[in-house]
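Here is a short briefing on one protein chain.

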Amino acid sequence: MSQEVLQMVIDYVFGTVFIYLAPILLVIAIVLFSDEIIKLIHRTLGSSNGRY
């Protein structure tokens with residue numbers, strides 16, 4: 001009985017809560033690492049212009 005309840009709780013948490021948290025965590029990650037992503041894009045574009 002307790003294992004079934006635990007399994008139901010785990011299924012609920014992983015099935016519903018993470019679905020709603022995933023977009024929020026993605027936005028937070030983008031905001032936190034946006035400066036690094038911009039630096040990477042500048043570095044990539046700068047090195048590709050000098051390569052050819």
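Of the 52 residues in the protein chain, 0% count as buried. The model is predicted.

**Overall form**
- The protein chain has 1 helix and 0 strands.
- Its radius of gyration is 21 Å, well over the 10 Å that the globule rule gives for 52 residues, so the chain is more spread out than a compact globule.
- Along the principal axes, the C-alpha atoms fill a box of roughly 65 × 20 × 10 Å.

**Aromatic pair**
- The structure holds 1 aromatic pair.
- Phe-14 and Phe-18 form this pair, with 5.0 Å from centre to centre and 70 degrees between the planes.
- The pair counts as edge-to-face because its angle of 70 degrees is over the 60 degree cut-off.
- Phe-14 and Phe-18 are 4 residues apart in helix α1, so about one helical turn separates them.
- Phe-14 is exposed, because its relative accessible area of 54% is over 50%.
- Phe-18 is partly exposed, at 39% relative accessible area.

**Ala-29**
- Ala-29 sits in helix α1, which covers residues 2–51.
- Ala-29 has a relative accessible area of 31%, so it is partly exposed.
- From Ala-29 to Lys-39 is 10 residues in sequence and 16 Å in space, C-alpha to C-alpha.

Notes
Residues numbered from 1 in each chain as written. Predicted model: local features only at pLDDT ≥ 70, side-chain atom pairs only at ≥ 80, totals over all residues. Heavy atoms only, no water. Helix = DSSP H or I, 4+ residues; strand = E, 2+ residues; numbered from the N terminus. Rg over C-alpha atoms; globule rule 2.2 N^0.38 Å. Buried < 20%, exposed > 50% of the residue type's maximum accessible area, 1.4 Å probe, protein only. Phe/Tyr/Trp six-rings, centres within 6.5 Å; stacked < 30°, edge-to-face > 60°.
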